[in-house]
Amino acid sequence: MTPDFLAVKVGGSLFSRKNEPGHVDETAVSRFARSFTKLSRAFPGRMVLISGGGAFGHGAIRHHDTANNLSLAALTEATFEVKKRWAAQLRAEGADAFPLQLAAMCTLRDGAPELGSPVLRELLDRGVVPVLAGDALLDERGGLRTFSSDRVPEALLPLVTGRLRVVTLTDVDGIITDGAGGDRILAEVDARSPEDAYAALWGSSEWDATGAMHTKLDALVACARAGAECFIMRGDPGTELDFLADPYDAWPSHVRSTRIIASGTD
């Protein structure tokens, strides 16, 4: 299918070393921003960029005071710093981009995100590229809970009309089936029966505070069951991403990915 709306999530490992507090590779951000700006022209008013937390976000989660729920406010502050940098680079490349704080627009109800503000929709209607990230969201009991950037596409589901494509850019080609350092990937996952995909997952790095590939798969399975076409694939700041606007069967043959769709929606 040709997508009507594109949500691109760029993993923190692609522009930041999570074990170095405050580290951002500005060159990588700049080069990615060039590709994302070109994509935004193919999806005017129909694209969202989602940033991983990198060293900022993961550090805030790892070091918060578990006895004080409001200490997770540090995550809100940290991820806004990351979003500011992405939005500035996108604007430098000619895209109208604006960082939005998810905590100000969204709450959790029974663990699911619920948008309560029209701001995101109105920015899109004006052709702006919203820049989002994970955050600390209020739940129905008034507590703060960590909400991974991998799950942000779930919050977009009620907002999008037409065909939604969610692309998660990470440091591997997809879901690896032969263990860490392996080369075989799972090319396609049926979101209605994803058991083989979950069985292929392995442990995450000690520096990952948000569930790594397991959280990615959870979120993309949920999106695919709602009708989205989802991908996990390698991101490289020097690679053109124009093909993300094309039908999947027209992608370059060298591109590797794990595609996640619900049976019957292809």
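This is a predicted model: local features need pLDDT of at least 70, side-chain atom pairs count only at pLDDT 80 or more; totals for chains, interfaces and linings use all residues.
Local features here need pLDDT of at least 70, side-chain atom pairs count only at pLDDT 80 or more, and totals for chains, interfaces and linings use all residues. Residues are numbered from 1 along each chain as its sequence is written, and side-chain values use heavy atoms, with hydrogens and water left out.

**View 1. Strand β1, wrapped up by the rest of the structure.** Six of the six residues of β1 (residues 5-10) are buried, so the strand is largely enclosed. Buried means under 20% relative accessible area, exposed over 50%, and partly exposed in between (1.4 Å probe, protein chains only). Strands are DSSP runs (E, at least two residues), numbered from the N terminus. In a regular strand the side chains alternate between the two faces of the sheet. Here, Phe 5, Ala 7 and Lys 9 are buried on one side, and Leu 6, Val 8 and Val 10 on the other.

**View 2. The neighbours of β1.** Strands pair if DSSP finds at least two bridges between them. β1 pairs with β9 (residues 164-170) in the parallel sense over six bridges, and Phe 5 has Leu 164 as its bridge partner there. Five bridges join β1 to β2 (residues 47-51), also running parallel, with Val 8 partnered by Leu 49.

**View 3. Asp 110, out in a loop.** Look for Asp 110 in the loop between β4 (106-109) and β5 (112-115). This residue is exposed, with a relative accessible area of 74%. Its phi is near 55 degrees, a positive value in a residue other than glycine. Most residues other than glycine have a negative phi.

Technical notes: Helices (H or I, at least four residues) and strands (E, at least two) are DSSP runs, numbered from the N terminus.
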